[in-house]
Amino acid sequence: MRAILILGAAVWADGLPSPSLQRRTRHAAALWHEGAAERVICCGGVGRHPPSEAEVMSRILRAEGVEAEAISLEDRSTSTYENIGFARAHLESDEVIIVTDPYHAPRAVMIARQMGLRARADCPPHRASAKARAREGFAYLKLGWWLARGGPSP
């Protein structure tokens with residue numbers, strides 16, 4: 001059974017989703033409605049502000065008409081590695097569709113494939129800020145270090 005993994009993004013101080021979290025989650029809901037996958041796994045623990053990113057995603061998915069039985073929460077992770085690694089416990093298949101922002105997708109797919117998943121990305125349109133692109137550049141350096149060491153076991 002294929003699954004959609006929505007990778008985490010910020011929850012604001014008032015408990016509302018950031019634009020990135022909203023964008024990703026609504027895109028995943030549309031994919032589910034199109035029949036792209038049978039399950040949606042919301043990935044993300046508590047960041048700077050509660051509730052968990054996964055819980056906020058779940059609320060959006062239900063508001064978008066995704067059946068509660070199709071939704072799983074992975075609410076412990078605080079990084080892309082953990083998002084994907086901890087989500088594996090919720091998978092019934094190794095085939096996943098990763099939903100994140102386009103600038104983040106190549107690295108997320110690389111991580112998922114390194115963890116033995118058959119992964120592809122499907123992203124909502126979004127133009128990344130210079131800050132986001134720079135942050136992702138540093139994350140690639142960390143990924144190279146991680147791969148050179150054989151990778152952690154989240």
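**Ser77 and the surrounding fold**

Ser77 touches Cys43, Gly44, Gly45, Glu82, Asn83 and Phe86, leaving aside residues up to four places away in sequence; contact means heavy atoms within 4.5 Å. The model is predicted: local features need pLDDT of at least 70, side-chain atom pairs count only at pLDDT 80 or more, and totals for chains, interfaces and linings use all residues. Residues are numbered from 1 along each chain as its sequence is written, and side-chain values use heavy atoms, with hydrogens and water left out.

Ser77 sits in the loop between β3 (71-74) and α3 (80-87). Helices (H or I, at least four residues) and strands (E, at least two) are DSSP runs, numbered from the N terminus. The relative accessible area of Ser77 is 2%, so Ser77 is buried (under 20%; exposed is over 50%, partly exposed in between; 1.4 Å probe, protein chains only). Its side chain makes a polar contact with the side chain of Asn83 at 2.6 Å. The side chain of Ser77 also reaches the backbone nitrogen of Gly44 at 3.4 Å. A polar contact is a pair of N or O atoms within 3.5 Å; within protein, one must be able to donate a hydrogen and the other to accept it, and residues adjacent in sequence count only if both atoms are side-chain atoms.

The sheet is open and has 5 strands in the order β3-β2-β1-β4-β5, with parallel pairing. Strands pair if DSSP finds at least two bridges between them. β3 and β5 (118-121) stand at the edges with a single partner strand each, so one side of each has no neighbour in the sheet. Strand β1 (residues 3-6) is joined to strand β4 (residues 95-99) by 4 bridges. Ile6 stands opposite Val99 in β4.

Helix α2 (residues 53-63) has buried residues, among them Val56, Met57, Ile60 and Leu61. The buried residues of α2 pack against β1, α1 (19-34), β2 and β3. α1 and α2 pack at an angle of about 50°, with axes 9 Å apart. Axes are lines fitted to C-alpha atoms, for helices over the stretch in contact, and angles run from 0 to 180 degrees between N-to-C directions. α1 and α2 are therefore oblique to each other; angles under 35 degrees count as roughly parallel, over 145 as roughly antiparallel, 65 to 115 as roughly perpendicular and the rest as oblique. Gly65 follows α2 and has a positive phi, near 90°.
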